[in-house]
Amino acid sequence: MSFDLKDKIAVVGVGSTKFSENFELSYSDMVAEACFQAFEEASVGPKDIEAAWLSTAFSDGSAYKGRSGMDLAEAAGLFDIPIARVSNYCAAGGTAFREACLGLLSGAHDVVLATGVEKLRDRPPQKSLVKIKVDGQHPFLQKGTTAAGVFAVFATRHMEKYGTKIDHFCMVSHKNHKNGVLNPLAQYRQEIPLEIIRKSPMVAYPINVLCSCPTTDGAAAAVLVRAEDAKSFNKDYVLVKAQELIVGNGDDLPFFDPRCEFDHFSSTQLAAQKAYEMAGIKDPLKEIDLAEIHDCFSPVELILYEDLGFCKKGEGKYFIEEGRSSREGDLPVNVSGGLESCGHPIGATGLRMIYELTRHLQGKAGERQVKNAKLGLAQNIGGPCAITAITILGAQ
Amino acid sequence: MTGITSINVYFPRYRISERMINEAWNRPGGRGERTVGYFDEDSLTMGIEVANSCLNDQDNEKVDGLFFSSTTYPLKEKLNSATMAMIMDLPAEMRTQDIGNSLRSGTGALLSSLDSVRSGSLKRALVVASECGRLERPGGMNEGLWGDGASAMEIGQNGALLNFQGFLSYSDELSHYWRRSEDRYVQSDDIRFPQVMGYSRIMKLAIDRLFKKFNCQPKDFAKVVIDAPDGRSHKGLMKHFGFDLKTQVQDLMHSSIGSIGTAHPFIMLASALEETKPKDKILWGSYGEGSDLFILEATEKVVDYQKKSRFKSMLNQKEMISTYTKYLSFKRVLEEEVHDYYTSIPGMLRERDRLSRLIGGRCKACGYITTLPLKVCPECRKKDQFENIKLSRNGKIFTFTQEWYYPSPEPPTTLAVVDLESGGRFYSQMTNCSDPSIVKIGMPVEMVLRKYHEAINLPHYYWKCKPSGM
C-alpha cells in the first residue's frame, strides 16, 4: 500500500538555534530555544501541541539526554500528550518529521511538533561521537572504524571505479565552506582556500579533516498542521510534497555482504525514486531549486549527486568540477554551508534542513536566498548506506 | 612408534637491532637483531598460528591433546590452551593443558604428551611453546637479549620424522631468571654465578647422566641442540664435552632472533632439522632449574619435512622497527590511553563459531554466504537456514580505509573489506603493515587471529587481515 502526502501537510513554523559549540546552552535550553521560535512563527503555545516527536540519535553522546520523550516534555513544557523519542542515526530528524506528518495524515492529531537536538560538546569530541564508535558497539565487528571510516570505504571504491580524485572531495568542501559564510546560524563562516583543504591531515583515508563535518551542538524544530488548516496558523506556510524513509541495510551487514558494491547508497536511490514519484518530479536537476543533502564527509555529497539523480552514476566528479552544485549553478546544493559549515548535531540536522528549505521557499533566507526557490529537497543518510530520509517541500 | 610427526616455528614480522636498544641508553655496540611481536600479538595468537601450520598437511586422524607452554601466558588464571582449542575448532573431547612458567616447561609439556601418546591414552597431541613479551626493564643490561616467537610439534603414533631413543629429566633448583606473579620484567642477580654454578654445572651433570644411562658418547651425535642463556656458557659446555662447534653444534641463533624462552629449544631443533639427514642422531635439551634431555633419531620423513619447511622464509620475512619508542609502544611499556570497550561474555559465547572460529554460514535455501552471526538470510529472507562452512583464510581487498583517530600504537589503522577465495566477505583491521601506502584495492591478504583489545581486562581475539607473505 502506498500513501500520498503531496500538498496535504504544511509546515507553519520552524526554529533553529545556532549550530555551534553552544557551551552556554544545555540540551534542554536548545530544545526550548528551537521549539519556541517555531511556536511563535506558528502562533501557538506549548499547550496547543497535541503530539510530538523528539529526535536524538545518541543519548549517550548527548549528555545522556534524549533517552525518551520526557526530555522534550520537560524542556518545552509539553505535558500530558503523546511524545516519542526517535533514533535513526543521521536520518533521525527526517524520521521525526515523517512521524509528525503521519500523525496528521491519520487524523489522530491536528497540531504536531517535530524536534531534533543533539548536545555533543559538553564533552570533547573524542569522548562523544568518536567514543561511541571506538569504545561502544560490538566488541569485534567494525572495530577500528570511526564515523568517517564508515563512508571512507565507499569513497575508496568510488575512486577506483570512476576515477574520482581526492581533489573532487576537496572541491565539495570548498563550495560548502564558501556557502557557510552567508549563514548566520553556521558554526564555520569562513571560506577555506582549496589549497588548505587539500593539505589538511587525513582522518580516514581518503577523507581529510576539512572534508569532514565538525562536532557540534544544535536544535531545530518544526510545527506542522494539515494543509487546509495552515492559513489560520501562518499565512507564510510551505507544503510537504513528499517524504520517504528507507532502511536499506543493517549496521554491520554492508561490510560483510558480498553483494555490496560500495559505489552508491542504495537506500538513497530507492528513497529518491519514491519521493520523486510522490512529488511528481520527472527531472530533479531541472525541477528542484535547492537541495540540502548529507555532506557529513565530502565524498558522501559527491556520491549523492549521482544517487539523487542530479547526474549520471560516476559523474559526480564533473558535477562538482563544473560548479553545477554551487550557489550559481543548475542546482545549488547546501547553500546553508551544509554539515561541513553548520556542523552535525546528528538528531537535529534533518530538521535544520527543513528550517533552511522553509526559509528559502518563504523567500526569507536573507543574503543566502536562492532566487525564486519553489521546490526544495532535504536528504539525510545514516549508518553505512543504510537509512535515508528524503523530504521535499514546496512553496504555496 | 611414537615420535614427532611435525614441527613448525613462527616468528613475528618485526625485528629490533640490539644496536638500536643500546643507542637509546648511550651504550656502544650491539650484535644482530631480535624478533618482536607486533602490538596485537601475544603467546596465544602466535601459538595458534604455529599450531595450525602443524595441522595443515596432516591426515585426518583427530588431535585429542593440546599442551601449551609459556612463561608469558596472556592469562594467569584461565586455561589458555582451552581458548586455543576453541579458536582452532579442535574436537571438544580433548585434553587441554597449560604446562608453563619455566624455560624448561616446553620440554616438560612434550614429556607429558609423549607419555600420554605412548600409553595410548591420547592418539595425537600438539605441544605448543610460545613466548611474547618476556622483557627486561627498559635500560636493563639484558634488555636486548630476548625475542618473541613460537614453535609447535605434533606427537603421533605413526609417521614420525623424529623418534625418541631416550630421555632424561634432571631437576636442580637455582635462581637464574625469575618473575614473581606481579612482576612485569624478568629479574636476575649475579651474571657470572648462574653461568658457572647454574648452566655449566647443571648441564654437565645432566648430560653425563644421560650418556651413562644410554651408554653413548659425544661423537654419536650428528647434531647437538642444547639451549643456553648466553653464547659464552653454551660454547664452554660444548667444548667441555668435545663437541665440534662447526659440524655438530647447533647455533643458538641469539643474534638473529634473540632468546625465545620456553620456545627456544623447539626453535633450535626446527633449525637443526633443516640440515638433518635420515638416521642422524640428535642430542636435544632445554635448561631451566635443571634440564630435560632427549636422544632423537631422524627418519626418512625428514626429507619431506625439509621440502615443506617454512623455517627460512619465516626467518627472512621481516621488517626492522624504525624507532626504539615504537618498540616500547609495541611492547606496551609506554602508558596507554585508557579505553572502556564494550564487551559481553554471553555474546562471545553465542557468536563464537562466526567470530572466534571464522566459520562461515551458507544459506541452504539460496547459497548466500555470510561471515556474520545472522539468523535470517538477507538474500532469500528465510530464517534458520545457515549451515556452517569452512572459509578460506585468503582473499583480496575490495575496498579499504585508513583510520588516523582509532587508538593504536602504530596509526593509521587500515580497515579492509576482503572477498575470501571461498566466497564470503569479511571486514577487519589489517595488521603487519607499517606502510599504509602499499594498501591497494585487489591486494591479496591472509586472515590471522590477533588481539583487538582488553575490555574488562580480558584479551579479546578476532581476525585481522595481513598482506600475503608479510
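Predicted model: local features only at pLDDT ≥ 70, side-chain atom pairs only at ≥ 80, totals over all residues.
Residues are numbered from 1 along each chain as its sequence is written, and chains are lettered from A and ligands numbered from 1 in the order in which they are written.

Chain B has twelve helices and 20 strands, helices (H or I, at least four residues) and strands (E, at least two) being DSSP runs numbered from the N terminus. The radius of gyration of chain B is 23 Å, close to the 23 Å that the globule rule gives for 470 residues, so the chain is as compact as a globular protein of that length; the radius is taken over C-alpha atoms, and the rule is 2.2 Å times the number of residues to the power 0.38. Along the principal axes, the C-alpha atoms of chain B fill a box of roughly 75 × 55 × 40 Å. Of the 470 residues of chain B, 48% count as buried, a residue being buried if 20 or more other C-beta atoms, placed from the backbone, lie within 10 Å of its own, exposed if 12 or fewer do, and partly exposed in between.

An open sheet of nine strands in chain B has the order E5-E4-E6-E7-E1-E8-E11-E10-E9, with mixed pairing, where two strands pair if DSSP finds at least two bridges between them. Strand E5 (95-98) and strand E9 (223-226) of chain B are the edge strands, each pairing on one side only, and the twist from one strand to the next averages 20°. E9(B) pairs with strand E10 (residues 281-285) of chain B in the parallel sense over four bridges, and Lys223(B) stands opposite Ile282(B) in E10(B). In the loop between helix H7 (264-273) and E10 of chain B, Lys279(B) has a phi near 80°, a positive value in a residue other than glycine; Lys279(B) is exposed, with 11 other C-beta atoms within 10 Å.

Between the chains, 37 residues of chain B are in contact with 29 residues of chain A, contact requiring that the C-beta atoms of two residues, placed from the backbone, lie within 7 Å. The largest share of the side of chain B that touches chain A, five residues, comes from E16(B). Two bridges join E16(B) to strand E5 (residues 202-205) of chain A, and these strands run antiparallel, with Tyr205(A) standing opposite Gln402(B). Tyr205(A) is also joined to Pro206(A) by a cis peptide bond, with omega about 0°, and Pro206(A) is found in the loop between E5 and strand E6 (207-208) of chain A.

Elsewhere in chain A, the axes of helix H3 (residues 92-105) and helix H14 (residues 346-362) come within 6 Å and cross at roughly 60°, the axes being lines fitted to C-alpha atoms, for helices over the stretch in contact, and the angles running from 0 to 180 degrees between N-to-C directions. H3(A) is therefore oblique to H14(A), given that angles under 35 degrees count as roughly parallel, over 145 as roughly antiparallel, 65 to 115 as roughly perpendicular and the rest as oblique.
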